[in-house]
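Let's take a walk through this one together. Have the chain open in your viewer and follow along.

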Amino acid sequence: MSDKRQRARVQGSWAKQLPKPSGPTGVVTKNCQPKNTNPNPGSWGFGSQTSNAFEFQQPNKPVRDVPPEKVLEQAGDYEISHGPSGVSRLRLMPGFLPPEEADWTFSKLLAELPWSQKTNYRQGEAYEEPRLTCWYGELPYTYSRSTMAANTEWHPLLLTLRGAVEQVSGSSFNSLLCNLYRDGHDSIGWHSDDEASLGEKPTIASLSLGDTRVFSLRKQPPMEENGDYTHVERIRVPLSHGTLLLMEGATQDDWQHQVAKEYHDRGPRINLTFRTTYPEPEGHRPGTKLRFTTKQK
Ligand SMILES: O=C(O)CCC(=O)C(=O)O
């Protein structure tokens, strides 16, 4: 291969001509390359003070792969991980509510539920949740250091939906957190539904209505990663109008989830998450997580 083509392949066609070696054959050998004096390993560095040639130095640490994100779109039961805390399972049911029923339900809930904006606290700072919510249950629900009062005035349509969800899931639910994402700017941050009031290994049934939004999950990193999520497994589940998603087993122990802000236009979306809540354990501050975690909704 000609000297020029070889340089183009190795360094890109913009690579500058290297200084010609002074050896008898005219071949550029490793020993003839200027020494890389860049202290930053694994980077492109200039060879010397006087030359603008550069070479790549192998990083000291092995390069780690980031696992490709998985996408779940088809109806089915998915065991997403098997960890020491058990199996984490998702059950996805697109079309749980047929389109016309979903349209009617969405309009009614949008117009008739008592939506309001909650104020949460992080490191002593107040912030407005980027969505509207309302809560149903005999017990209050505390998360992100703010409490939603008990509310037993279930809208009749919510009771009907609860019955239908209980039937397919085989679980029973005594509480419901409703979220209204007004547009693509509304969101919920990375968190797990792992407050002590939800009990161990909770089943959470999530019914989506309105515009499709992406529900993302990321695996909790092992302890030695010190909270670094760079290399963890990730899953995307686009949740469309009428879809029911069940999160079961160790999902709240071993994974976090979010609905991120979007930069395309999105219409309103309602998400109903049916849960079972228990009185806060004796001596617990309300809203305490079962395990240490720094993430809040
Ligand atoms: O809107 C969703 O799909 C997720 C809601 C959620 O994560 C929650 O209520 O904890």
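Start where Leu132 stands opposite Leu180 in E11, with strands here being DSSP runs of at least two residues (E), helices runs of at least four (H or I), both numbered from the N terminus. This is a predicted model, in which local features need pLDDT of at least 70 and side-chain atom pairs count only at pLDDT 80 or more, while totals for chains, interfaces and linings use all residues. Residues are numbered from 1 along each chain as its sequence is written, and side-chain values use heavy atoms, with hydrogens and water left out.

How much of E11 is buried? The answer is 7 of its 7 residues, taking buried as under 20% relative accessible area, exposed as over 50% and partly exposed as in between (1.4 Å probe, protein chains only). In a regular strand the side chains alternate between the two faces of the sheet. Here Ser175, Leu177, Asn179 and Tyr181 are buried on one side of E11, and Leu176, Cys178 and Leu180 are buried on the other.

Leu157, Leu158, Leu161, Val165 and Ser169 are the buried residues to look for in H3. They sit on the same side of H3 because they cover an arc of only 95° around the axis, the arc being that of the directions from the helix axis to the C-beta atoms. Turned away from that buried side, the other face of H3 carries exposed Pro156, Thr160 and Gln167. Just after H3, Gly170 takes a positive phi of about 75°.

What does the largest nonpolar core look like? This core has 28 residues, and Leu109, Leu158, Leu161, Leu272 and Phe274 have the most contacts inside it. A nonpolar core here is a set of buried Ala, Val, Leu, Ile, Met, Phe, Trp, Tyr and Cys residues joined through side-chain atoms within 4.5 Å. Elements that each supply at least two of its residues include H2 (99–112), E8 (132–136), H3 and E11 (175–181). The largest share, 4 residues, comes from H3.

Last stop: Glu129, in the loop between E7 (125–128) and E8. Is Glu129 buried or exposed? At 0% relative accessibility, Glu129 counts as buried. Its side chain makes a polar contact of 2.6 Å with the side chain of Tyr143, and another of 3.0 Å joins it to the side chain of Asn120. A polar contact is a pair of N or O atoms within 3.5 Å; within protein, one must be able to donate a hydrogen and the other to accept it, and residues adjacent in sequence count only if both atoms are side-chain atoms.

Technical notes:
Pairing = 2+ DSSP bridges.
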